[in-house]
Amino acid sequence: YIGVTGFMNASEVVAAIDEFPDIPGNLPRRLMVGVLASSKTLAGQTNKHPNRYPRVHDIASLFTQSDRVCNLIHYATDDPDTLPEQLARLEDHGGPFLDGFQLNMTWPKPKSIKVSERHPRVVLQINRRALEQVNFESLRLLARLSEYEGVITDVLIDASGGRGLPMDVATTTKYVKLIHNNFDDLGVGVAGGLSCDSLPLLGDLVARLPNISVDAEGRLRTPEDHMDMVAMKQYLSAAGELFRN
């Protein structure tokens, strides 16, 4: 998929779908509509990023039925012990077109990741903290990921965490190739400071692994932290060029 995270209203989603590039190939590439949620917003409270986290009651209105989209709730919680119950509640808030979740959590317990068969896609974010906990060692990372086999469907390498920090392409490439070569059933994606300007840096990686996914958030925001519609459209256009080539 080509992802955009941080949608707040349906008009932003419609604009992204309209701008989404036509990319020929054997594996259809979809727009990942990423909607942020947290344990605070699930409890009806305001997140520290109010312009990125919609009210949970509004999430379903952001998801549309289309073969061109993959609708994911990106979730982080301060209470990992009750994650199964939280995911169940989020499934209700996601509505009929929810496809799954991205878990922005550091190594949640595999047994706590329980979703219904109606929402089978589960993306585990591997952020810098997660890498620190395996001492950035390849074998330890593989051992940790093996605990999630049959539980998650994708891994997203992202040391930025929505802050728009530049991606270390060489290091990211190392981890992507490592996971791709050792887990046949896992999709692999990358994020971290992606925009129309930085996407071309992934040219070599995409040439080797054309089925890789990408996601952008922090560099697609205005100074007031709203979705920058111009930057978003330019990013989608650049992604189209990247994957067509």
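This is a predicted model: local features need pLDDT of at least 70, side-chain atom pairs count only at pLDDT 80 or more; totals for chains, interfaces and linings use all residues.
1. E241 has a relative accessible area of 44% and is therefore partly exposed; here buried means under 20% relative accessible area, exposed over 50%, and partly exposed in between, with a 1.4 Å probe and protein chains only. Its salt-bridge partner is R244, at 3.3 Å from N to O, a salt bridge being a side-chain nitrogen of Lys or Arg within 4 Å of a carboxyl oxygen of Asp or Glu. R244 is partly exposed, at 41%. Helices (H or I, at least four residues) and strands (E, at least two) are DSSP runs, numbered from the N terminus.

2. Residues are numbered from 1 along each chain as its sequence is written, and side-chain values use heavy atoms, with hydrogens and water left out.

3. The search of the whole structure gives eight salt bridges. One of them links R55 and D58, at 3.1 Å from N to O. R55 is exposed, with 57% relative accessible area, whereas D58 is partly exposed at 26%. Another joins E147 to R144, whose closest N and O atoms are 3.9 Å apart. E147 is partly exposed at 44%, and R144 is partly exposed at 25%.

4. One aromatic pair is found in the whole structure. W107 and Y148 form this pair, which is tilted, with 5.9 Å centre to centre and 35° between the planes. The loop between β4 (100-103) and β5 (121-126) holds W107, and the loop between α5 (138-146) and β6 (154-157) holds Y148, so the pair ties together parts 41 residues apart in sequence. Both residues, W107 and Y148, are buried. For the pair, ring centres of Phe, Tyr and Trp (its six-membered ring) must lie within 6.5 Å; planes under 30 degrees apart count as stacked, over 60 as edge-to-face and the rest as tilted.

5. The charged end of R29 sits over the ring of F243, 3.7 Å from its centre. The criterion is NZ of Lys or CZ of Arg within 6 Å of the ring centre and within 35 degrees of the ring normal.

6. S39 is in helix α2 (residues 39-42) and counts as buried, at 18% relative accessibility. Leaving aside neighbours within four places in sequence, S39 is in contact (heavy atoms within 4.5 Å) with Y75, A76, T77, D78 and Q86.
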